[in-house]
Amino acid sequence: MAPLPKNITLIMTGASGAQYGLRLLECLLQAGCRVYLLLSRPAQVVINMETEHRLPGRASEIQVYFNQLYGAQPGQLQVFEREQWAAPIASGSAVADATVVCPCTTGTLSAIASGSSRNLIERAADVALKERKKLILVVRETPFSEIHLENMLKLARMGVIIMPANPGFYHRPASVQELVDFMVARVLDHLDIPQALMPRWGQAAPQEQQNF
């Protein structure tokens, strides 16, 4: 029997770096994952500022938009409102296999570290923690304050993967897209989802292989 598709909760908050979350969404859908998507209001503002996308306001309309943009299969993508407490990801009985906050603001980081669960975004992360599911936070801020570092350390000790948006340069990126792909590739690796976005350490890039 073919393995069941992974269920991934993807949360985008209002930190700069909307490109990371959008590229991750595209790759997850291409990999055949079922994706539960949550966007904060600031995230929608940042997407409109940093990209060519102009998202509609309602979750149902955003779902249609991304379904058409990325060619998602019927039922593969579900977009929820921030107060949609009947969503499956609000309960441990229907928790996703993994949850990613990308990009993650330090405000969201703080809320997750304190377990506040004031909205569905915070509740989904809280459920991942209590159910011992994989939780990845792609924190986007610089510099970090002592409070930020303490919150990251607190969550790391709980098993949360703290992955600041710090792309590497050893693959000699020639575009912003290649920098974005570096981070998205690292997230996919930690989700155990095969990816070919960038060569691994010690492997030649495709253009270098052609010269051999």
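## Terms and basis of the model

A residue is called buried when its relative accessible area is under 20%, exposed when it is over 50%, and partly exposed in between, using a 1.4 Å probe and protein chains only. Helices (H or I, at least four residues) and strands (E, at least two) are DSSP runs numbered from the N terminus.

The structure is a predicted model, in which local features need pLDDT of at least 70 and side-chain atom pairs count only at pLDDT 80 or more, whereas totals for chains, interfaces and linings use all residues. Residues are numbered from 1 along each chain as its sequence is written, and side-chain values use heavy atoms, with hydrogens and water left out.

## The sheet and strand β4

Six strands form an open sheet with parallel pairing, in the order β3-β2-β1-β4-β5-β6, where two strands count as paired if DSSP finds at least two bridges between them. The edges are formed by β3 (77–80) and β6, each of which pairs on one side only.

Strand β4 is mostly covered, with seven of its seven residues buried. In a regular strand the side chains alternate between the two faces of the sheet. In β4, one side carries Ala98, Val100, Cys102 and Cys104 and the other Thr99, Val101 and Pro103, and all of these are buried. Towards β1 (residues 7–12), β4 pairs in the parallel sense over four bridges, and Val101 is the bridge partner of Ile11. Towards β5, the parallel pairing of β4 extends over five bridges, with Val101 standing opposite Leu137. Further along, β5 and β6 are joined in the parallel sense over two bridges, and there Ile136 has Ile161 of β6 as its bridge partner.

## Helices and their packing

Contact here means heavy atoms within 4.5 Å; axes are lines fitted to C-alpha atoms, for helices over the stretch in contact, and angles run from 0 to 180 degrees between N-to-C directions. Helix α3 (residues 59–70) lies across β2 (34–39) and β3, running at about 150 degrees to β3, while α4 lies across β4 and β5 at about 145 degrees to β4.

Helices α1 and α2 (residues 41–50) pack at an angle of about 95 degrees, with their axes 9 Å apart. The two helices are therefore roughly perpendicular to each other, a description that applies to angles of 65 to 115 degrees. In this packing, Ala18, Gln19 and Leu22 of α1 meet Val46, Ile47 and Glu50 of α2.

## Nonpolar cores

A nonpolar core is a set of buried Ala, Val, Leu, Ile, Met, Phe, Trp, Tyr and Cys residues joined through side-chain atoms within 4.5 Å. The largest has 44 residues, and those with the most contacts inside it are Leu24, Leu25, Leu28, Phe66, Val100 and Leu191. Helix α1 (residues 18–30) supplies the largest share of this core, eight residues. Apart from this core lies another, of 25 residues, among them Ile11, Ile89, Ala96 and Leu135.

Leaving aside residues up to four places away in sequence, Leu191 touches Lys6, Ile8, Leu28, Ala98, Val100, Lys134 and Ile136.

## Backbone geometry

A cis peptide bond joins Cys102 to Pro103, with omega about -5 degrees, and Pro103 is found in strand β4 (residues 98–104). The bond from Thr142 to Pro143 is also cis, with omega near -10 degrees; Pro143 lies in the loop between β5 (134–139) and α6 (146–157).

Ser117, although not a glycine, has a positive phi of about 50 degrees, and it lies in the loop between α4 (106–114) and α5 (120–130). Arg172, likewise a residue other than glycine, has a positive phi near 55 degrees. Arg172 lies in the loop between β6 (161–162) and α7 (176–190) and is exposed, with a relative accessible area of 68%.

Methods:
Parallel < 35°, antiparallel > 145°, perpendicular 65-115°, else oblique.
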